[in-house]
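Please examine the structure shown here and follow the explanation of how its parts come together.

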Amino acid sequence: SRYAGLGANLVFILGIAPFFVTLSPQPWWQVIADTVTILMVYDFFYYLTHRFVFHGQSFMRQVHALHHQARNPIHIDAYYVHPLETFIGITLFMGTIALLGVFMGPFHVVTVAIPYVIFQQLNIINHTHVELDNFPFKTLSWITAKHAVHHENMQKGNYATITLLYDKLF
């Protein structure tokens with residue numbers, strides 16, 4: 001998985017980023033708006049891929065089953081995935097940036113770095129099943145509990161990786 005992730009990141013950095021990432025200054029509000037847009041569009045694509053490809057009736061279901069061997073996931077289980085799944089997940093993220101870049105123009109390098117770190121960290125947090133009672137951590141407790149149920153039964157929703165919005169919509 002490490003090499004699959006490294007390969008996907010290098011392809012993006014060397015082959016795609018020069019067309020969609022800029023160092024030109026952008027206002028802080030645009031960085032925030034673009035970050036939210038990238039994360040939400042990526043999460044939509046990941047939701048579709050996770051639900052219909054990884055949990056569909058295909059070879060990819062068997063690939064994803066490796067990750068679902070963890071019935072009570074902990075943080076390290078976020079990394080316990082098949083190399084093909086790692087490649088697909090990172091490629092979806094990078095492809096989202098490229099697709100949005102076509103329509104919105106290049107993103108500041110910080111605008112690309114922030115959602116990348118957020119999506120990586122939320123994926124780890126999603127697998128921790130924390131129990132914290134105070135706001136805003138209570139929301140994290142709820143999200144991680146939903147994902148733990150997803151690991152117990154692969155058909156119980158929670159297919160997106162950042163929010164539960166698309167599970168609620170569809």
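The model is a predicted one. Its largest nonpolar core comprises 20 residues. Within this core, the residues with the most contacts are Phe12, Ile38, Tyr42, Phe93, Ile97, Phe107 and Phe119. At least two core residues come from each of helix 1 (2-20), helix 2 (28-54), helix 3 (59-65), helix 4 (83-104) and helix 5 (109-125). Helix 4 makes the greatest contribution, with six residues.

Apart from its neighbours within four places in sequence, Phe93 is in contact with Ile38, Tyr42, Val112, Pro115, Tyr116 and Phe119.

Attention may now turn to Glu85, a residue of helix 4. Is Glu85 buried or exposed? The relative accessible area of Glu85 is 6%, and Glu85 therefore counts as buried, the cut-off being under 20%. When residues up to four places away in sequence are not counted, Glu85 touches Tyr46, Phe54, Val63, His64 and His67.

The largest pocket has a volume of about 480 Å³. Its lining is formed by 26 residues, of which Ala78, Val81, Thr86, Gln120 and Asn123 are the closest to the centre. Helix 1, helix 2, helix 4 and helix 5 each provide at least two residues of the lining.

Conventions:
Residues are numbered from 1 along each chain as its sequence is written. This is a predicted model: local features need pLDDT of at least 70, side-chain atom pairs count only at pLDDT 80 or more; totals for chains, interfaces and linings use all residues. Side-chain values use heavy atoms; hydrogens and water are left out. A nonpolar core is a set of buried Ala, Val, Leu, Ile, Met, Phe, Trp, Tyr and Cys residues joined through side-chain atoms within 4.5 Å. Buried means under 20% relative accessible area, exposed over 50%, partly exposed in between (1.4 Å probe, protein chains only). Helices (H or I, at least four residues) and strands (E, at least two) are DSSP runs, numbered from the N terminus. Contact means heavy atoms within 4.5 Å. On a 1 Å grid over the protein atoms alone, a cavity is a set of points where a 1.4 Å probe fits but cannot get out, and a pocket is an open set with protein on both sides within 12 Å along at least five of seven lines; lining residues have an atom within 4 Å of a point. Grid points are joined across faces, edges and corners, and a volume is the space filled by probe spheres set on the points.
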